Structures are given as C-alpha cells and as structure tokens.
Amino acid sequence: MAGVSRLQYSTEIRLIRVMCSGRVDLEFILRAFSNGMDGVFIGGCRLNECNYITHGNYDALNIVLLCRKIMEHIGLNPERLSIQFMSSGEGILFTEVVDDFSKKVKALGPLGKGENRDADELKSKLAEVRKLIPYIKIVKRKKLESRLENEKEYDGLFTSDEMDRLFSEAVSYYIDPDNCQACMICAKRCPVEAIAGGKNLIHVIDQDTCIKCGTCFDVCPPRFGAVKKFSGEPVPPPIPEEERTIVRKSKKTVADKT
Ligand code: SF4
Ligand code: SF4
C-alpha cells in the first residue's frame, strides 16, 4: 500500500516478502544479524485478523519474543528486533513504524559496536546459537504454540533465567562405542546425516552437524542403549576410525581357532 500510494519511507530498509509472517523463522532473523544487519523488522497482519485458520502472525510474535531473549543472552540489544502488526491497507502506519524503527536502530549504532561487543566473539556466539535452533525449537515448542492476548503475557512468555538454563543445559548425543551394535537404525533416521557408520562399524555422531533432535536416542534399540544423552557437559571425543570395526564374537571365535 505504501508503494501504491507513493509514500516515502526510510531507504535503509531492505524488504523481503514472505507469504505470511509465520514463515519468518528464528534462523532467518539470526542469519540477518550474522550477515551484519543492524536491525530486523517484521511486519505482520493484525492479530486475530488472519484470512486463514493458521494465524501465523502469532507464530511470528512468539519467535520474536524468543529471539529477543536470545539476543539479550548473547549480549545484543533486543530493541534491534521489532514486530508490528497492521493491515495491508495501512500504508501510512507502515511508513511510520519503519521510519521509527530505522531511527531507533541508527541510534543504537552498528551491530555489536553499540553493545561494546567484540566482533569475532559476537560472530561466534551467533554461530553457536544458530546451530542450536532446531534444539531450541523442540525444547520450546509448547510455548511457541501459545496464543498471547496482551503485552503483559508477551513479557512473561520467555524469561532470562530460562534462556540461561536453555543454553547451559543444552544436550548433546553420543554413541557409546562399547554398546553400539551397528544396526544402522540411527544413521537411517538421522534427519541431517550426522551419523557416520556402516555394516559392522561402530557409529559416530558428527557433533558439528548434529542438530540435537534426539531421534537417534529414541530409535536406538533398548537392548543396545548405545546412544547417550549429555546435558551441559562436553561429549567424549569420537573413537578413531581404525578402531570402529566390530568383531562379532562368533567370528572372533572362528578366527581364534584357525
Ligand atoms: S540427535 Fe541424533 S538423530 Fe538428531 S541430528 Fe543429532 S545425530 Fe542426528
Ligand atoms: S541404533 Fe544404536 S546400536 Fe544401532 S547403530 Fe545406532 S547407536 Fe549403534
């Protein structure tokens, strides 16, 4: 509407159109900051005025509330992220909120510098958090489904303590080489191919690729119980490749006899 009405607004903003504000994932926001954007503004339809049954604008709101707490946790000013709701006919409102946001971000200064954060440290913090996005979304899925009614509820949805706990107690999964029987179920079910293995090979999780979904933990047959969950502590290093072959007892006995 702003364009059709030839309304002018800040030239510092770059528009990315999505079909619904609910499409804006936590990853999109953090990627924008990782790529050096100083602020992220999300415009969604008015709450409770969604044309469909999906009400994706509530999802966008919850993602923003979560992301703002994450930003606080890593030392970024949460005011760099904003969501506003308006109808497509409210061009003037759009230009006003965009201009206000642009001014606010300018006053905050460049990302990181305004917060006195070391650029490399901030970059690695953002990378660390982005790796945990699937885990965060799984752990917080109930809250992310909330339909909040007012600003008071917005404030209480996620807390700083909760964020501190979320990151300090983040889980990792590890395959115990003594228990793995190379049944290959976990590797077949891992959604990101983070598990290396094969026939008669002890399976190993690539911690850099793992998104901590917990599927391997759930599917490893209880009689093997090879996948271990670690919370808030480092996992042991992977077993060296040359030691991954499993020698079955029966074969070992035959080999021993010959
Ligand atoms: S938790 Fe297991 S299944 Fe999930 S991504 Fe990590 S290795 Fe794959
Ligand atoms: S499911 Fe369990 S036993 Fe089977 S390969 Fe994976 S870790 Fe090993």
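Let's start with Glu162, which is found in helix 8, spanning residues 160-168. Keep in mind that you're looking at a predicted model. Glu162 counts as buried because its relative accessible area is 6%, and buried means under 20%.

**Glu162 and its contacts**

- Leaving aside neighbours within four places in sequence, Glu162 is in contact with Lys140, Lys143 and Leu157.

**The loop between helix 3 and helix 4**

- Gly114 has its place in the loop that runs between helix 3 (91-108) and helix 4 (119-131).
- With a relative accessible area of 44%, Gly114 is partly exposed.
- Once neighbours within four places in sequence are set aside, Gly114 is in contact with Arg80 and Leu108.
- Gly114 and Leu76 are 38 residues apart along the chain, and their C-alpha atoms are separated by 8.8 Å.
- Asn116 also has its place in the loop between helix 3 and helix 4.
- What about its backbone? Phi of Asn116 is near 60 degrees, which is a positive value in a residue other than glycine.
- Asn116 is exposed because its relative accessible area is 73%, and exposed means over 50%.

**Arg130 in helix 4**

- Arg130 is found in helix 4, and at 25% relative accessibility it counts as partly exposed.
- Skipping neighbours within four places in sequence, you'll find Arg130 in contact with Glu27, Leu30, Arg31 and Ser34.
- Take Arg130 and Ser88, which are 42 residues apart along the chain: their C-alpha atoms are separated by 31 Å.

**Ala182, another positive phi**

- Look for Ala182 in the loop between strand 3 (171-175) and helix 9 (185-189).
- Ala182 is not a glycine, yet it has a positive phi of about 55 degrees.
- Is Ala182 buried or exposed? Ala182 is buried, with a relative accessible area of 9%.

**The nonpolar cores**

- In soluble globular proteins, nonpolar side chains tend to be buried together.
- How many residues does the largest nonpolar core have here? That core has 61 residues, and the ones with the most contacts inside it are Leu26, Ile29, Leu81 and Ile136.
- Helix 2 (residues 56-73) brings the largest share of this core, with ten residues.
- Apart from this core lies another one, of seven residues, and Met86, Phe94, Phe101 and Val105 are among them.

**Around ligand 1**

- Where does ligand 1 sit? Ligand 1 sits in the largest cavity.
- There are 13 residues around ligand 1, and Cys190, Cys210, Cys213, Gly214 and Cys216 come nearest.
- Sorted by class, the shell around ligand 1 has ten nonpolar residues, two polar ones and one charged one.

**Around ligand 2**

- Ligand 2 has 13 residues around it, of which Cys180, Cys183, Met184, Cys186 and Cys220 come nearest.
- The shell around ligand 2 is made up of eleven nonpolar and two polar residues, with no charged residues.

Methods. Residues numbered from 1 in each chain as written. Chains lettered and ligands numbered in written order. Predicted model: local features only at pLDDT ≥ 70, side-chain atom pairs only at ≥ 80, totals over all residues. Heavy atoms only, no water. Core = buried A, V, L, I, M, F, W, Y, C linked by side-chain atoms within 4.5 Å. Buried < 20%, exposed > 50% of the residue type's maximum accessible area, 1.4 Å probe, protein only. Helix = DSSP H or I, 4+ residues; strand = E, 2+ residues; numbered from the N terminus. Near = heavy atom within 4 Å. 1 Å grid on protein atoms, 1.4 Å probe; cavity = no way out; pocket = protein on both sides within 12 Å on 5 of 7 lines; lining within 4 Å. Sits in = over half its atoms within 2 Å of the grid points. Nonpolar A, V, L, I, M, F, W, Y, C, P; charged D, E, K, R; others polar. Contact = heavy atoms within 4.5 Å.
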